[in-house]
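User: I would like to learn how to read contacts that involve aromatic rings. Can we go through a case step by step?

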Amino acid sequence: MMETRTLGRSGLAVTPLGLGLAALGRPGYINLDHAADLGCDRSVDTMEAHAHAVLDAAWATGIRYLDAARSYGRAETFLSSWLRTRAIAPESVTVGSKWGYTYTAGWQVDADVHEVKEHSLAVLRRQVAESSDLLAPCLQLYQIHSATLESGVLENWAVLDELARLRDRGLAVGLSLSGPQQGETLARALEIEIGGQPLFAAVQATWNLLEPSAGPMLAEAHAAGMGVIVKESLANGRLTARNWAPSFAVKKHLLEDLAASLAVTVDALALSAVLHQPWATVVLSGAATVEQVQSNVASLAVPWTSSLLAALAPLAEVPADYWATRSKLAWN
């Protein structure tokens, strides 16, 4: 069984590895070779059974934090049916979800628009009701999905006051971040207090060996009492053996050599780098298959040393370049 720790001031019990359902709740996603993970049959019933199998595998390894979002297709529905059919006790799991995007792909991989972002009060009220209907009483953390300075959500006091009401009724409130200004957005979030206490108990951010720029602010947030959840630790598959981009060849060789020297897989090495950040409370696996869950969990046993992080430092990209590359990843 994995150790448990506390997700910052939320007081919620979590495990160092969690499972994110972004690649499990909809037929199309931007992870490299996502199509190969799901196969040809992407009917709702088949994908629900597939999601349940991956959740079973995660549960068997000891993972006890599960993360979804309203925009992940039917991820909340699949998670809800799994919690019910496996008779998972609410006190034995922590579930987080997110609001602010609406899924619009109509269960099509080649949709023109897969999700629409709107951080309005009306969307918050609609989506928290939808999430609660599916996931209560296991839903314990609700996060703004991809808060940015440009979206204006951190200046929208109608939304912030509503989030404070949810907090005061016992639902921990957090925010997820995206883009090259993650640090600046988090700095603004840290300033927000309502009712004499900080609004946000947790932050979910991208940090990986290619995009480590948010690290200093995540450390500051952790020191201030926020739980830190790390997403996209494998850079949507770019930090796995699946990345055959010619421009990545030299970096892939470095990763593979270091992984081979430790007798571990590339993904386990990349995840281990995140797990060993002192400010990281939960690191999300984005596994889409049982085999990926098992490979990701092996990261907990990687024989880590401080010299490894220095050896991996050349992998880092300019943040703007990293996010530009991510924006071009194909839905598949």
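**Aromatic rings**

Analyst: This is a predicted model. The structure holds five aromatic pairs.

User: How are the planes of Y29 and W331 arranged, stacked or edge-to-face?

Analyst: Planes over 60 degrees apart count as edge-to-face. Y29 and W331 have 80° between their planes, so the pair is edge-to-face. Their centres are 6.0 Å apart.

User: Where in the chain do Y29 and W331 lie?

Analyst: They come from distant parts of the chain, 302 residues apart. Y29 is in the loop between strand 3 (17-20) and helix 1 (34-38), and W331 is in the segment after helix 12 (319-327).

User: Is Y29 buried or exposed?

Analyst: Buried means under 20% relative accessible area. Y29 has 10% relative accessibility, so Y29 counts as buried. W331 has a relative accessible area of 28%, so W331 is partly exposed.

User: What kind of aromatic pair do F78 and W107 form?

Analyst: F78 and W107 are edge-to-face, with 6.4 Å centre to centre and 85° between the planes. This pair also links distant parts of the chain, 29 residues apart. F78 belongs to helix 3 (residues 75-85), while W107 is in the loop between strand 6 (101-103) and strand 7 (115-117). Both residues, F78 and W107, are buried.

User: Which charged end sits over the ring of W107?

Analyst: A charge can sit over a ring if it is within 6 Å of the ring centre. The charged end of R74 sits over the W107 ring, 5.7 Å from its centre. Likewise, R64 has its charged end over the ring of W59, 3.5 Å from the centre of that ring.

How values were computed:
Residues are numbered from 1 along each chain as its sequence is written. This is a predicted model: local features need pLDDT of at least 70, side-chain atom pairs count only at pLDDT 80 or more; totals for chains, interfaces and linings use all residues. Side-chain values use heavy atoms; hydrogens and water are left out. Rings of Phe, Tyr and Trp (its six-membered ring) pair if their centres lie within 6.5 Å; planes under 30 degrees apart count as stacked, over 60 as edge-to-face and the rest as tilted. Helices (H or I, at least four residues) and strands (E, at least two) are DSSP runs, numbered from the N terminus. Buried means under 20% relative accessible area, exposed over 50%, partly exposed in between (1.4 Å probe, protein chains only). A charge sits over a ring if NZ of Lys or CZ of Arg is within 6 Å of the ring centre and within 35 degrees of the ring normal.
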